[in-house]
Amino acid sequence: MSDNTIRLSRSVIGEEEKKAVLDVLDRQYLGMGQDVLYFEQELATYFAREAVCVNTGTAALHLALQALGVGPGDEVLVQSLTYVASFQAISATGARPVPCDIDPDTITLNVDDAKKRITEHTRVVMPVHYASSVGPLDEIYEFAQDNDLRVVEDAAQAFGTYYNDKKVGSFGDIACFSFDGIKNITSGEGGAVVTDDKEVLQRVKDARLLGVEKDTEKRYSGDRSWDFDVSMQGWRYHMSNVMAAIGIEQFKKFPIFAEKRKELLKRYQSNLANINSIELLKQDANQIVPHIFVIKLKNYDRNTLRKMLEDVGIPTGIHYKPNHKLSYYDTGVELPCTDTVAKEILTLPLHPELQISDVDHICEMLKQCLGI
Ligand SMILES: Cc1ncc(COP(=O)(O)O)c(C=O)c1O
């Protein structure tokens with residue numbers, strides 16, 4: 001299918017991924033085996049530390065937290081303005097997500113606000129790399145160290161992003177990535193936990209296979225555990241060979257995808273600089289690989305603008321409704337910055353198949369709608 005429709009985001013799949021999937025189908029070993037092992041090895045080389053693949057980014061976060069022993073009675077500090085997956089992963093352990101405010105320039109965790117919300121139950125701080133931007137991670141790690149907290153980075157949107165010239169996931173405590181259909185690379189659905197902590201790695205490996213001890217090692221040697229023990233709650237969260245086959249091909253293409261995403265971000269930034277009703281996020285296109293492109297709309301009705309853009313064939317999104325406004329997570333807390341920014345954010349199209357001319361057209365239409 002080829003048309004001129006502008007899409008907000010999309011998967012970018014070529015003949016290579018199709019062939020790789022067919023190859024797995026032909027081999028008739030669809031479950032977790034050599035392809036997953038190979039994908040993990042590629043990721044381990046990329047991050048220079050071990051990676052364990054699972055079936056979603058949400059599962060990666062859930063298992064990372066569980067592996068740290070987070071459970072009922074515990075609290076995890078996390079920004080409210082994130083995908084509900086961050087919150088669901090925390091509450092899946094039985095722990096309570098504690099919604100924190102954001103820094104309005106980057107929409108990442110406001111460390112000063114997080115500091116105010118620490119209690120004797122706090123175990124983990126979860127910075128979210130919103131729109132692939134990394135907040136003041138050094139400060140977050142310092143805060144964690146001072147208070148004996150673990151750090152689980154929600155890096156779902158930040159595959160390939162750098163922080164102070166260091167690749168996200170290659171340093172720090174634990175980073176969790178997502179490979180869902182529209183992320184910087186995809187394995188159809190998928191995710192990974194990346195860390196140096198050997199105990200966490202082993203627990204995640206076992207927990208993704210229903211808690212069956214050392215089943216990963218068996219499967220990677222072409223075997224299966226028949227006489228096994230289970231000593232923890234596990235889940236059916238492993239990645240399949242079909243998924244890994246897609247991921248392996250996407251990973252090969254990542255340098256091209258990354259370059260294109262950066263180029264599009266730069267074009268948006270130059271086209272939309274110095275416009276009164278638009279505020280851009282602080283994003284360094286030389287450091288990040290943008291998953292989404294979000295602007296803040298000042299003094300203009302967002303719904304009206306969205307409708308006008310939709311009428312000229314330009315889809316937009318809202319990433320996200322803050323979690324403290326969802327009935328399951330509403331504690332009545334007030335987060336002034338989050339509440340303001342949540343009303344302003346608007347996501348414009350971004351994916352590797354979008355052309356520079358599309359970005360120019362989108363920006364032109366946007367300006368026309370705003371009467372500029
Ligand atoms: C910030 C954030 N966290 C977590 C996730 C969860 O990833 P997945 O969709 O692979 O479960 C996503 C994915 O959209 C995300 O954007």
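Which residue in S13 does Glu 279 stand opposite? It's Lys 296. Keep in mind that what you're looking at is a predicted model.

**The sheet around that pair**

S12 and S13 (residues 293-297) run antiparallel to each other, paired over 3 bridges. They belong to an open sheet of 3 strands, ordered S12-S13-S14 and paired in the antiparallel sense. At the edges sit S12 (278-280) and S14 (345-348), each with pairing on one side only. Go from one strand to the next and you'll find a twist that averages 40 degrees.

Two helices come up against this sheet. Helix H10 packs on it and touches S13 and S14, while helix H11 lies across S13 and S14. Here's how their directions sit relative to S14:

| Helix | Residues | Strands involved | Angle to S14 |
|---|---|---|---|
| H10 | 302-311 | S13 and S14 | about 15 degrees |
| H11 | 336-344 | S13 and S14 | about 40 degrees |

**A helix pair elsewhere in the chain numbering**

Two packed helices are described by the angle between their axes and the distance between the axes. For H3 and H4, the axes come within 8 Å and cross at roughly 35 degrees. The crossing of H3 past H4 is right-handed.

Who does the touching? On the H3 side it's Thr 58, Leu 61, His 62 and Leu 65, and on the H4 side Ala 85, Ser 86, Ala 89, Ile 90 and Ala 92. Sort this contact by class and you get 6 nonpolar residues, 3 polar ones and no charged ones.

Definitions and conventions: Residues numbered from 1 in each chain as written. Predicted model: local features only at pLDDT ≥ 70, side-chain atom pairs only at ≥ 80, totals over all residues. Heavy atoms only, no water. Axes fitted to C-alpha atoms, helices over the stretch in contact; angles between N-to-C directions. Helix = DSSP H or I, 4+ residues; strand = E, 2+ residues; numbered from the N terminus. Left-handed = near helix turned anticlockwise from the far one by under 90°. Contact = heavy atoms within 4.5 Å. Nonpolar A, V, L, I, M, F, W, Y, C, P; charged D, E, K, R; others polar. Pairing = 2+ DSSP bridges.
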